[in-house]
Amino acid sequence: MSKILRINAKEKTFYFEEPSEELSGLGGRALTSKLILNEVPGTCHPLSAANKLVIAPGLLAGTAAANSGRLSAGAKSPLTGGIKESNSGGLVAQKLARLKIQALVIEDKPENDGYSIIVIKKDSVEILSADEYAGAGNYEVMGKLWEKYGENTGIMSIGQAGEQCLKAASIQQADPKGRPSRALGRGGLGAVMGSKKIKAIVVDDKGCERISPADAKAFKTANKRWVGMLNQHPVTGQGLAGFGTAILVNIVNEAGAFPTKNFRSGRFDNAGDISGEKMVELMEKRGGITAEGCHPGCVMKCSQVYNDKDGNYLTSGFEYETIWAMGAHTTIHDFDDIAMLDRLCDDYGVDTIETGVSLGIAMEGGLIAWGDGKAAIELLKKVGKGSIEGKIIGNGSVFTGDALGIDRVPAVKRQALPAYDPRSVKGVGVTYATSPMGADHTAGYGVTANILSVGGTVDPLQKEGNIELSKNLQIATAAIDAAGLCLFVAFAVLDNEDGVQTIVDLLNAQYALSLTTDDVMALGKSIINDEREFNKLAGFTKFDDQLPEMFKENFPPHNTKWDFSVDELQEAVNF
């Protein structure tokens with residue numbers, strides 16, 4: 001039986017507890033959101049002792065199920081002021097599951113300035129001094145911790161941004177090669193970890209037995225179907241492995257939905273310079289790696305290694321959202337400059353989407369020139385130095401806009417919009433507006449039917465069908481996050497009639513259950529209802545479920561506008 005591990009960051013103590021009946025069958029986002037709703041006051045300051053950082057593997061973590069290594073982290077967000085779940089690949093989810101830890105809950109906060117490191121092993125939990133790592137970036141910290149505790153150890157850490165409790169601070173995870181390329185990025189959870197003076201978490205499952213399913217034969221059958229489904233789909237089986245998520249650059253740009261120069265146009269003239277095709281060309285020329293998994297058991301392999309002009313490692317996990325935020329949004333089109341910005345974000349521990357949008361706002365305010373990659377790099381370096389300009393950028397897009405007197409800030413619930421313009425991809429626009437998380441494409445990826453014709457087709461330029469599309473995807477995504485599965489499995493699930501049933505079969509075989517697809521969808525609804533209830537307690541209303549005024553502008557090339565009313569949008573969360 002899995003247990004909940006609670007750590008008091010003030011007293012430097014810990015204990016294990018049996019999960020309550022309400023919590024016993026939950027994992028991933030379902031568990032983080034339930035615990036935050038139950039235990040964190042909605043009105044508390046996100047950096048106060050009353051907030052909690054909850055880290056939970058999904059229900060299928062540690063099993064042989066393909067692409068089941070995602071980890072959820074939850075808290076009250078310093079960025080949005082509402083509930084937040086962020087997840088990433090890496091090593092920690094599977095190791096926590098094998099240690100039979102259902103969730104790690106970090107509570108309270110120290111009164112002194114000393115940092116701690118949490119080390120979790122099969123037979124011990126230690127809370128040690130981490131002062132030797134204070135002030136260091138994630139690359140240095142993870143390198144030293146792998147040297148001390150062994151390669152393949154699961155590591156989570158914060159960089160200088162988390163130590164400063166900046167609102168865009170991320171928690172970085174070590175990837176399978178020990179690099180800090182996997183980010184629990186959105187919502188400022190690195191600031192919560194920093195407020196509790198936890199510099200790093202080490203998870204070592206040496207000596208633990210593999211997790212066995214209750215019905216091994218049924219699990220093997222379901223997983224064979226699952227792997228086949230993922231391998232045979234053109235997106236999950238070929239596209240992502242061939243070009244990573246950056247394959248979307250040319251696709252979205254051609255669709256006229258690639259936000260350019262702070263969401264002024266849907267097409268970027270220099271998109272070819274920052275496309276997935278160009279990225280792969282440079283990787284192959286420089287000896288990089290075009291396809292690798294972000295966690296063990298990944299069959300899609302959409303991550304990669306990007307080398308500099310001299311063939312030396314520069315960054316990894318180089319994704320579409322990052323390339324857009326640092327690229328088209330700012331009009332930078334030098335791939336090496338964008339790659340350096342990505343590396344610095346990983347090292348300092350800041351969300352690449354929020355930071356890229358903040359850099360664009362800095363350009364909007366005249367702090368640096370549009371398209372000046374070298375100036376953007378120097379400005380971002382100030383985050384690591386803790387200078388005033390760095391604190392402005394590191395606190396996110398809305399904070400940057402406030403500091404510079406800019407009203408053109410693309411954010412919902414104070415979280416920056418990702419790489420699809422909501423006027424020309426209206427399904428994902430509904431998600432931006434109504435998700436409890438703030439603007440978040442991963443909460444309900446309407447791009448599937450709006451642009452990629454996955455799971456059907458819904459016109460991205462018209463209102464019709466897009467509220468229902470977003471609603472259904474938000475429900476399904478919440479359930480996928482609870483299972484600990486990679487969001488990208490949705491491509492194959494949506495295009496296969498037995499997609500959801502296969503996930504249900506895996507869960508039933510693993511836990512000796514008799515769930516139906518209706519049960520899984522009910523779980524998704526309950527997760528979102530929990531999150532909306534927390535936000536209500538935090539002071540959010542239906543008027544927070546809307547996009548800023550800038551999206552009422554005509555948007556070329558399709559001359560679309562954002563035209564959903566507040567009450568229309570409530571239908572997306574009415575279930």
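Analyst: Happy to! Leaving aside residues up to four places away in sequence, N535 touches G82, I83, P436 and F540, where contact means heavy atoms within 4.5 Å. This is a predicted model, in which local features need pLDDT of at least 70, side-chain atom pairs count only at pLDDT 80 or more, and totals for chains, interfaces and linings use all residues. Residues are numbered from 1 along each chain as its sequence is written, and side-chain values use heavy atoms, with hydrogens and water left out.

User: What makes the pairing of N535 with P436 a polar contact?

Analyst: A polar contact is a pair of N or O atoms within 3.5 Å; within protein, one must be able to donate a hydrogen and the other to accept it, and residues adjacent in sequence count only if both atoms are side-chain atoms. Here a polar side-chain atom of N535 lies 3.0 Å from the backbone oxygen of P436.

User: How do you know how α18 is oriented against α21?

Analyst: The axes of α18 (residues 466-483) and α21 come within 7 Å and cross at roughly 95 degrees. Angles under 35 degrees count as roughly parallel, over 145 as roughly antiparallel, 65 to 115 as roughly perpendicular and the rest as oblique. Therefore α18 is roughly perpendicular to α21. Residues making the contact include Q474 and I475 of α18, and V520 and M521 of α21.

User: And R423, is that buried or exposed?

Analyst: R423 is at 0% relative accessibility, so R423 counts as buried. Its place is in the loop between β17 (415-416) and α16 (426-434). The R423 side chain reaches the backbone oxygen of F263 at 2.9 Å, and a polar contact of 2.8 Å joins the side chains of R423 and D421.

User: What makes I368 buried?

Analyst: The relative accessible area of I368 is 14%, so I368 is buried. I368 lies in the loop between α12 (352-364) and α13 (373-385). Beyond its neighbours within four places in sequence, I368 is in contact with A362, M363, A375, A376 and L379.

Definitions and conventions: Axes fitted to C-alpha atoms, helices over the stretch in contact; angles between N-to-C directions. Helix = DSSP H or I, 4+ residues; strand = E, 2+ residues; numbered from the N terminus. Buried < 20%, exposed > 50% of the residue type's maximum accessible area, 1.4 Å probe, protein only.
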